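Please look at the chain as a whole before turning to single residues.

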Amino acid sequence: MLQHLTIESQQNLLNLYNRIWNEHCFPTSWQEAIIIPIPKPGKDKTDPSNYRPIALTSCLCKLLEKMINCRLMYFLETNNLLNPFQSGFRRGRSTLDNILSLETDIRLAFLQRKHLIAVFFDIEKAYDRTWRCGILKDLYDFNLRGNLPIFIQNFLKLRKFRVRLASEFSDYFIQEEGVPQGSIPSVTLFIVKINNILNQLPLFVKGSLYVDDLCISCTGMNIHFIQRQLQIAINNISKWSHINGFTVSASKTAAVHFYRKRNLHFDPDLKLNNESIPFVNDIRFLGITFDKKLSFLPHVKLLRRKSEKSLNILKVLSTTAWGADRPSMLKIYWATIFSKLDYGCPIYGPTRKSIIKQLDPIHHAALRLCSGAFRTTPVKSLHVECFEPSLYFRRQMLSLNYYFRIKSNVHHPFHNFKLRPFLVRLQEARKSFIPVFFF
């Protein structure tokens, strides 16, 4: 509706926004939100904590928020105020950047026969507990002055919400802390506040952050050295979190010991808030399952199980009597299965052929269902008939696209990444080791 307003109405709306911007006022009704609880799948619906709160706010307010957020992000990016390893909600960045950073470090550790220990943190209710005064202080430290910080201050204060269930409304509640749910600048303000956590790490510890998904890692030959460096980093993160109002969950934090050495190697004892951090054989990080040998076998198996369930949709819709036509079937396949196979394939794709080929039958079965081909139809004929490449070529294409996207962004942390000459010689000598993405 807003996009189809007349020129006169658009001018009136712009005048309203300019008054809010220049007179430092904020409409009270824009500070209210309606919460719609959505139950989490497979959870007990009688427990209120098993619901996702979806916040509905004013669309007029969201339009102004989008304009303000563009100005704020432009200020942060042009002045290089955000850590290069913070990838969340930034133009030209994605979860693949964090996954690639971890995968590259693990591959290089394997190549040099070193240990790498990674710790994956979980921050409890990160958005709801963000310190508002801390956000304003960080913006002031960034030398941000004028109407923008005043607008953000008015935007954050006196936020109210009420819950709607069917046609019934609850009483109003005051949100005293945290960034407003459902608002566009909220994620930007959150990454401004949590940005400084990566500056707490020692020299030998690497870290990456996707909004509130924090991972730190340390590489070395000596387990005791790695343990000492990681423990210093964990203590610094815990201290910084306590000062800035965040709570790191010790029960949900986990670590993985990556190594390909023979013999028995014990895991170090790392503590968070006087509780030992458990070591696991595999962990799911930003949608990709990393196992301690980096074979990606658990990830491929999980991906295949999910895809086989989604194949049932195509089986139902492929009935000859009343089924969907081929273009519709292919679109459903792209949406329900192909999108899952595409995600992260530049990272997990270069694994052993015996593992990655487990996904090919899913692709071929889906194409047969979409095209109505016989079981005896050759695979290459299927690809030609459906105008779809094999998964191998699809992975190659997406890897090249991702590589050139990195090279086109001069602010990307891997823009100038080059393997050192001795690592290149080591890689050429050890053919059995899977090379890093840039090799």
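The largest pocket lies between domain 1 (1-81 + 138-176) and domain 2 (86-131 + 179-294), because both domains give residues to its lining; the domain bounds come from an automatic or database domain assignment. This is a predicted model, in which local features need pLDDT of at least 70 and side-chain atom pairs count only at pLDDT 80 or more, while totals for chains, interfaces and linings use all residues. Residues are numbered from 1 along each chain as its sequence is written, and side-chain values use heavy atoms, with hydrogens and water left out.

**The pocket**

Rolling a probe the size of a water molecule over the atoms shows where empty space is left. A pocket here is an open set of points on a 1 Å grid over the protein atoms alone, where a 1.4 Å probe fits, with protein on both sides within 12 Å along at least five of seven lines, and its lining residues have an atom within 4 Å of a point. The largest pocket holds about 1400 Å³ of space, a volume being the space filled by probe spheres set on the grid points, which are joined across faces, edges and corners. Its lining has 40 residues, and Lys 40, Pro 53, Lys 125, Asp 128 and Gln 181 lie nearest the centre. The lining divides into 21 nonpolar, six polar and 13 charged residues, where Ala, Val, Leu, Ile, Met, Phe, Trp, Tyr, Cys and Pro count as nonpolar, Asp, Glu, Lys and Arg as charged, and the others, Gly among them, as polar. Strand 2 gives the largest share of the lining, five residues; strands (E, at least two residues) and helices (H or I, at least four) are DSSP runs, numbered from the N terminus.

**Single residues**

The table lists relative accessible areas, for which buried means under 20%, exposed over 50% and partly exposed in between (1.4 Å probe, protein chains only).

| Residue | Relative accessible area |
|---|---|
| Asn 196 | 34%, partly exposed |
| Arg 228 | 47%, partly exposed |
| His 24 | 37%, partly exposed |
| Asn 274 | 75%, exposed |

His 24, in the loop between helix 1 (7-23) and strand 1 (32-39), has a positive phi of about 60° although it is not a glycine. Asn 274 is found in the loop between strand 10 (271-272) and strand 11 (275-276), and its phi is also positive, at about 65°.
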